[in-house]
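Dear colleague,

I am handing over the structure below, and after it you will find what I noted when going through it. Please read the notes with the model open beside them.

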Amino acid sequence: MYLPIGNDMAVRDRTVIGIFDLDNCSYEKRTREFLSRAEQEGEIVPVTDDLPKSFLLTSEYGMSRVYLTQFTTATLEKRAAGGK
């Protein structure tokens, strides 16, 4: 199954490691360091031109990706559970 994450993009649901709220976790030093490193290594994929509300961490074929999305974690979790 695929998880729609916005702007006609979707990721395989089995590749999702976590869905994180940017407002609640971006104040943590480790999260900021992680996102900074991911950006430097080209692992960040912006899905929105707007201010992102959450990010998804995925891993597939030995590669990590961080998708910045305009959806809230609740919306993404609902979509992952099968409801849209």
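**Around T31**

T31 is buried, because its relative accessible area is 16%, where buried means under 20%, exposed over 50% and partly exposed in between, computed with a 1.4 Å probe and protein chains only. Please keep in mind that this is a predicted model, in which local features need pLDDT of at least 70 and side-chain atom pairs count only at pLDDT 80 or more, while totals for chains, interfaces and linings use all residues. Residues are numbered from 1 along each chain as its sequence is written, and side-chain values use heavy atoms, with hydrogens and water left out.

T31 is placed in helix α2 (residues 29–40); helices (H or I, at least four residues) and strands (E, at least two) are DSSP runs, numbered from the N terminus. Leaving aside residues up to four places away in sequence, T31 touches C25, S26 and F55, a contact being heavy atoms within 4.5 Å.

**Aromatic rings**

F55, one of those partners of T31, is itself buried, because its relative accessibility is 3%. Rings of Phe, Tyr and Trp (its six-membered ring) pair if their centres lie within 6.5 Å, and planes under 30 degrees apart count as stacked, over 60 as edge-to-face and the rest as tilted. By this rule there is 1 aromatic pair. The ring centres of F20 and F55 are 5.0 Å apart and their planes stand at 25°, so this pair is stacked. It links distant parts of the chain, since F20 belongs to strand β3 (residues 16–21) and F55 to strand β5 (residues 54–60), 35 residues apart. F20 is partly exposed, with a relative accessible area of 33%.

**A hairpin**

Strand β1 (residues 2–6) pairs with strand β2 (residues 9–12) in the antiparallel sense over 4 bridges, where two strands pair if DSSP finds at least two bridges between them. P4 stands opposite A10 in β2, and in this hairpin, with 2 residues between the strands, N7 takes a positive phi near 50°.

**The chain as a whole**

The chain has 3 helices and 6 strands, which follow the pattern β-β-β-α-α-β-β-β-α along the sequence. Buried residues account for 32% of its 84 residues. Among contacts between residues at least 6 apart in sequence, 49% join residues at least 24 apart. The C-alpha atoms fill a box of roughly 35 × 30 × 20 Å, taken along the principal axes.

With kind regards
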